[in-house]
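Open the model in your viewer and keep the selection panel at hand.

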Amino acid sequence: MTMTTGARICAALVASLLVSTAAFAQDVQERTLKFGYSTFEAHPLGQGANKFVALVAEKSGGKIKMKVYPATQLGSETQTISATQGGVQDIVGTSTAPLVGLVKEYAIFDFPFLFANEKQADAVVDGPVGQTLLAKLSEKGLVGLCFFENGFRNVTNSKRPITTAADVEGLKIRTMQNPVYLDAFKTLGANAVPMPWPEVYTALESGAIDAQENPYGIIYVNKLNEVQKYVSVTKHAYSPWAMIMSKKLWDKLSPDEQKIFVDSCNEAKVYQRQVSRAEDAKIVADLKAKGMQINELAPEEIAKIKAKLQPVVDKYTPSVGEDLVRQANQSIAATQ
Ligand code: EAX
């Protein structure tokens, strides 16, 4: 039987359509995944998480769905990281600070005053250092997809505005469960106590602690204005927020599915960071309206605090690795 040219092209098109439909059907399975994270849906991190979920659904033709558990419903960050390692939870969004217990190199992000602005943070987390750190999670049963941002951290407390390093002395301050933060605040003379986030509001309310430190967004959605009077704009550290998948799930995914997750994360992060940065100005006004007293520190006082904390950076540089620190500083310098 002979075919006309038109018929041949038509047959080829039908065949390729069948192949691609079949390939799609084969490479993307129907899945419902469990995704938990620490903060509220209204927070820019929650908005970014929703964007990620929507993108995954869209790119998978509606086949990959996620059941989302915000606001520490599945437990604290350390608990949800462990659950994700074990495969009980499929995806976790978490501050990177609690990851230091698993991969010591993550401590680089906790170095006081490593970044002066968002551009520097983006250059490092999206550059070779961020890639190395995401890859390192695979040794621990986890797969790093990309970094969202929690943001620059400021100290809040119930006692006094912090205008100099001396004002930090004696404050009973909660830190994340991370040795760099603990050492930094101890170095400044604070009584620093590590505590999982879900316990913090109550501890502030009861007066068990005086202070905590977090970016504006976390202060705001958790209504810390009800239990804290002062916000001092120390910007002493920047918290990235890692989107992480269980390696147990990752290893079962087809390359097409893996790509859907990585691409969705990288698209969602651009949106998430925009939201995060756009909301800060509104939050400051609202916190002030709710009675919080917000103070900036003079640049020379920030410089003094930074100098006091240099020994902490020096202490953790060997365990992070000289090369990684050098790479981070190169990425930072390249933004100038
Ligand atoms: O992940 O524990 C913390 O202070 C974190 O910044 C917060 O829970 C968001």
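Axes here are lines fitted to C-alpha atoms, for helices over the stretch in contact, and angles run from 0 to 180 degrees between N-to-C directions. Helices (H or I, at least four residues) and strands (E, at least two) are DSSP runs, numbered from the N terminus.

This is a predicted model, in which local features need pLDDT of at least 70, side-chain atom pairs count only at pLDDT 80 or more, and totals for chains, interfaces and linings use all residues. Residues are numbered from 1 along each chain as its sequence is written, and side-chain values use heavy atoms, with hydrogens and water left out.

**Stop 1: H6 and H11**

Select residues 179-187 for H6 and 299-320 for H11. Their axes are 9 Å apart, at an angle of about 150°. The pair is therefore roughly antiparallel (angles over 145 degrees; under 35 is roughly parallel, 65 to 115 roughly perpendicular, the rest oblique). The crossing is right-handed (the near helix is turned clockwise from the far one by less than a right angle).

Now show side chains. On H6, pick Pro 179, Val 180, Asp 183, Ala 184 and Thr 187. Their partners on H11 are Lys 308, Leu 309, Val 312, Lys 315 and Tyr 316. Contact means heavy atoms within 4.5 Å. By class, this contact has six nonpolar, one polar and three charged residues. Ala, Val, Leu, Ile, Met, Phe, Trp, Tyr, Cys and Pro count as nonpolar, Asp, Glu, Lys and Arg as charged, and the others, Gly among them, as polar.

**Stop 2: H12 with H4**

Select H4 (residues 118-125) and H12 (residues 322-334). The angle is about 135°, with axes 8 Å apart. That makes H4 oblique to H12. Their crossing is right-handed. Gln 120, Ala 123 and Val 124 of H4 touch Ala 328, Ser 331 and Ile 332 of H12. Four of these residues are nonpolar, two are polar and none is charged.

**Stop 3: H12 with H5**

From H5, Pro 128, Val 129, Thr 132 and Leu 133 meet Leu 324, Gln 327, Ala 328 and Ser 331 of H12.

**Stop 4: the ligand**

Which polar side-chain atom lies 2.6 Å from an oxygen atom of the ligand? One from Glu 77. End at Arg 153, with a side-chain N or O atom 3.0 Å from an oxygen atom of the ligand.

Key:
A polar contact is a pair of N or O atoms within 3.5 Å; within protein, one must be able to donate a hydrogen and the other to accept it, and residues adjacent in sequence count only if both atoms are side-chain atoms.
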